[in-house]
Amino acid sequence: MGTPEFAVPSLEAIHNKYGIQQVVTVPDKHKGRGLRLQASPVKSKAIELGIPVLQPESLKDEIFLKEVQALKPDLIIVIAFRILPAELYKIPRIASFNIHGSLLPKYRGAAPINHAIINGERETGLTSFVLKDKVDTGEVLLTKKIGIGPDMTAGELHDIMMPLAAELTIETINLLSDGHYKTSSQNDVLATNAPKLTKNNTKIDWNQNSEKIFNFIRGLSPYPCAWTVMSNEPIKLLKVKILASNSLEASQYIVSKNGFIVGTATNDIEIVELKPNNKRRMSSSDFINGFRGQTTGYLI
């Protein structure tokens with residue numbers, strides 16, 4: 001059970017080693033300017049591999065639940081999908097397990113990769129755990145640690161994690177199939193949250209220090225992107241670097257041949273890559289060459 005690209009390598013790994021009875025993913029959605037109906041990456045790969053696909057609107061739908069029960073599955077494997085109700089995750093003979101993009105109990109929630117970088121972590125990882133009612137709280141089976149480089153973006157960490165998630169999935173299946181394993185309980189006292197990213201919680205606060213802003217921007221790059229407002233237009237920032245200078249006020253900017261510089265509560269920041277409203281992603285030099293706005297002011 002999965003939806004995005006992140007789950008595809010695991011789907012392929014399971015299929016190649018064990019075979020899969022059924023793939024479950026979200027219904028096709030209208031996307032793009034033409035609102036064309038598009039399948040999820042998991043569905044597209046399942047069709048390519050010749051695996052049957054179910055796309056229930058509700059995971060509590062009785063017809064869907066009966067279809068899953070009829071399969072008599074040994075395991076349900078969940079990677080980047082929806083929250084499973086108890087009547088679904090209790091169906092398998094052995095267990096239902098999830099692969100989560102953090103070292104649980106840290107970063108429970110929808111966006112663990114992003115929040116680990118936003119918070120300046122130097123290490124994160126993957127966790128396989130047995131499903132239970134409360135999200136991301138089940139008994140831990142296996143973990144895999146991953147280092148976070150000082151300039152690493154969420155997109156780069158995502159791409160490193162994908163094949164490692166596939167490895168952990170196979171290791172977890174082997175562990176559960178053997179039957180001789182122990183689980184470990186999560187310590188709720190150590191738990192942190194990784195809530196869903198929205199327009200409200202991805203806006204840059206220029207009154208923070210330069211390191212926090214730097215981590216915030218790389219933790220949201222390349223998607224959904226940290227954003228700010230310049231001359232009444234939203235602008236997304238994908239890559240920045242911290243400068244030694246501290247010459248500008250917080251949120252004050254200067255656009256010149258020397259670069260696109262913004263002040264913070266501490267050091268100034270230079271914008272390296274950005275995406276102006278309704279335009280392509282571009283380097284700061286391309287932005288500066290075509291810039292016709294006010295060369296100094298304040299970002300909101």
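Colleague: In which sense do S10 and strand S13 pair, and over how many bridges?
Modeller: The model is a predicted one. Strand S13 covers residues 269-276. One of its residues, Glu270, is the bridge partner of Lys241. S10 and S13 pair in the antiparallel sense, and the count of bridges is 7.

Colleague: Over how many bridges do strand S9 and strand S10 pair?
Modeller: S9 runs over residues 226-230 and S10 over residues 233-242. Pro234 in S10 is the bridge partner of Val229. The sense of the S9 and S10 pairing is antiparallel, and the number of bridges is 5.

Colleague: Which residue takes a positive phi in the hairpin of S9 and S10?
Modeller: The hairpin has 2 residues between the strands. A phi near 55° is found there, and the residue that takes it is Ser231.

Colleague: What percentage of the residues of the chain count as buried?
Modeller: A residue counts as buried if its relative accessible area is under 20%. The chain has 300 residues. The part of them that counts as buried is 47%.

Colleague: What share of the contacts with a separation of 6 or more comes from residues 24 or more positions apart?
Modeller: The chain has 8 helices and 15 strands. Contacts in the chain with a separation of 6 or more are taken as the total. Residues 24 or more positions apart account for 63%.

Colleague: How far apart do the centres of the positive and negative side chains lie?
Modeller: There are 35 positive side chains and 30 negative ones in the chain.

Technical notes: Residues numbered from 1 in each chain as written. Predicted model: local features only at pLDDT ≥ 70, side-chain atom pairs only at ≥ 80, totals over all residues. Heavy atoms only, no water. Pairing = 2+ DSSP bridges. Helix = DSSP H or I, 4+ residues; strand = E, 2+ residues; numbered from the N terminus. Buried < 20%, exposed > 50% of the residue type's maximum accessible area, 1.4 Å probe, protein only. Contact = heavy atoms within 4.5 Å. Lys, Arg positive; Asp, Glu negative; His and termini not counted. Charge placed at Lys NZ, Arg CZ, Asp CG, Glu CD.
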